[in-house]
Amino acid sequence: MKTIIEPFRIKSVEPIRMTTREERCLYLKEAGYNLFKIPSERVLIDLLTDSGTGAMSSLQWAGIMRGDESYAGAPSFFRFLHVVQEMTGIEHVLPTHQGRASERILFELLCGPGHEGEGRIVPNNAHFDTTRANIEHHGTKAIDLLTPEGESPSTLAPFKGNMDVGKLEALLAERADDVPVVMVTITSNSNGGQPVSLENLRAVRAVCDKYGKLMFLDACRFAENAWFIKQREPGHEKRDVRDIVRETFDLCDGATVSAKKDGIVNIGGILLIRDEALFEQASNLLILTEGYITYGGLAGRDLEAMAQGFTEVLEEDYLRYRIRSTEYVGERLLAGGVSIVQPPGGHAIYIDAEALCPQIPKHEFPGQAATCAFYEHGGIRSCEIGSVMMGDAARMELIRLAIPRRVYTQSHMDYVIETILEVKEYADTLPGYRIVEEPAALRHFTAAFEPIR
Ligand code: F0G
């Protein structure tokens with residue numbers, strides 16, 4: 001049998017409500033043509049993010065009931081600790097409320113008081129916005145070192161998340177003293193959910209060793225990354241995905257993890273640190289703002305849900321279904337003539353808005369126009385990743401369709417595909433948008449727009 005099916009059956013359901021096109025036109029107008037401002041009850045299929053939006057399993061919900069809410073040393077913490085230690089081989093584990101809390105603690109220690117300075121740099125294959133913001137908060141520069149193929153949307157290559165090791169070596173040869181840590185993001189969200197190979201991770205490790213540098217992973221989607229390695233990297237086809245995950249973590253000095261992705265929980269994060277002294281300092285910062293070291297800003301029940309989620313995410317039937325269902329959406333859109341970042345990533349499909357709406361110049365936001373049209377036409381919420389979100393720094397005008405884990409069925413995805421292909425038929429007549437209200441920073445969340453008719 002070649003058909004890959006959802007490896008679960010559905011025990012609990014949530015209704016989603018159909019709306020009419022007229023209603024949606026009105027809702028869009030009320031929201032200032034900003035999809036972040038549309039109440040989620042007015043969205044039919046929500047592809048805004050894959051973060052915290054996954055469906056928990058019956059065993060995770062059972063864990064929620066089992067959660068022990070003792071302030072210190074709850075058995076729920078020890079179950080969580082055991083699963084994370086087994087999976088990563090890293091002894092020192094702190095729970096945090098989400099990925100950016102781990103980032104805040106790590107970068108305060110490595111770039112904060114006593115270490116700040118304009119001259120300092122943190123390289124990454126590609127920083128996610130919160131990572132970049134937490135680094136730049138301390139006056140340190142965050143730079144991206146993707147390979148040329150990673151920056152080219154239509155180039156087909158197996159590991160477009162790889163770091164350009166030559167550029168890293170050149171940076172360290174010149175500026176080693178200014179680099180407190182080298183980060184690698186798996187998978188690389190910013191350029192399309194693209195994976196990083198083990199070969200690349202080993203090469204980054206070797207350069208870090210040569211210059212005596214720490215190497216940390218931003219490991220939100222480590223399981224999806226490991227599945228891509230098993231599928232695409234020669235010599236790893238027969239390995240258990242757990243071994244690949246373990247080898248990945250063996251290469252690093254620590255990691256920040258948002259459990260809202262591959263932990264398949266609605267809230268939670270982890271900070272992993274091998275070095276004893278750095279871990280002690282991180283524990284003190286955790287207590288200052290997150291909570292005691294055995295709960296880190298979460299409830300005991302959340303730790304139970306994470307422990308179970310990190311177990312389930314490594315099941316190969318799950319990963320096969322997960323990656324194949326994203327790929328399916330990508331294949332169908334491509335077959336219908338929609339340009340996307342290729343090959344499809346793990347957690348999302350990224351549509352090229354400039355190709356879809358060639359009549360709309362960058363400064364009139366082609367991605368915004370298309371996200372509004374997908375909502376108006378079919379009630380689908382997607383996310384602009386282009387000039388609205390990144391201003392002049394935007395290198396591409398993309399629309400992200402992020403796929404929540406275990407939430408939507410194949411017929412939901414067929415509906416999404418049909419909507420987008422129908423919009424494509426008239427996308428060259430869509431109007432551009434202008435911003436009519438704009439906050440000082442992070443404008444994509446709250447700005448108001450209007451169509452230029
Ligand atoms: N790193 C990466 C690669 C991410 O994708 C995210 C979140 C974070 C760090 C921060 O984690 O949200 O738990 O604080 N990405 C979400 C997204 C928000 O929609 O891609 P967090």
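Which side chain has an N or O atom 2.7 Å from an oxygen atom of the ligand? I looked, and Ser258 has one.

**Model.** I am working on a predicted model, where local features need pLDDT of at least 70, side-chain atom pairs count only at pLDDT 80 or more, and totals for chains, interfaces and linings use all residues. Residues are numbered from 1 along each chain as its sequence is written, and side-chain values use heavy atoms, with hydrogens and water left out.

**Ligand.** I listed the residues around the ligand and found 17; a residue is near if one of its heavy atoms lies within 4 Å. Thr49, Arg100, Ser258, Lys261 and Arg400 come nearest. I then checked pairs of N or O atoms within 3.5 Å, the cut-off for a polar contact. The side chain of Thr49 places an N or O atom 2.7 Å from a ligand oxygen. For Asn189, a polar side-chain atom is 2.8 Å from an oxygen atom of the ligand.

**H4 and H10.** Next I took helix H4 (residues 99–111) and helix H10 (residues 276–289). Helices here are DSSP runs (H or I) of at least four residues, strands (E) of at least two, numbered from the N terminus. The two axes come within 10 Å and cross at roughly 125 degrees. Axes are lines fitted to C-alpha atoms over the stretch in contact, and angles run from 0 to 180 degrees between N-to-C directions. H4 and H10 are therefore oblique to each other. Under 35 degrees counts as roughly parallel, over 145 as roughly antiparallel, 65 to 115 as roughly perpendicular, and the rest as oblique. On the H4 side I noted Arg104, Ile105, Glu108, Leu109 and Leu110 in the contact (heavy atoms within 4.5 Å). H10 brings Leu278, Gln281, Ala282, Leu285, Leu286 and Thr289. By class I get seven nonpolar, two polar and two charged residues.

**H4 and H5.** I turned to helix H5 (residues 129–136), whose axis is 9 Å from that of H4, at an angle of about 25 degrees. H4 and H5 are therefore roughly parallel. From H4, the contact uses Arg100, Glu103, Arg104 and Phe107. From H5, it uses Thr130, Thr131, Asn134 and Ile135.

**Backbone.** Most residues other than glycine have a negative phi, and most peptide bonds are trans. I found phi of Tyr33 near 55 degrees, a positive value. Tyr33 sits in the loop between helix H1 (21–30) and strand S1 (45–46). Ile186 to Thr187 is a cis peptide bond, with omega near -20 degrees. Thr187 is in the loop between strand S5 (181–185) and helix H7 (198–211). Gln342 to Pro343 is also cis, with omega near -10 degrees.

Note on methods
Nonpolar A, V, L, I, M, F, W, Y, C, P; charged D, E, K, R; others polar. Polar contact = N/O pair within 3.5 Å; in protein donor to acceptor, adjacent residues only side chain to side chain.
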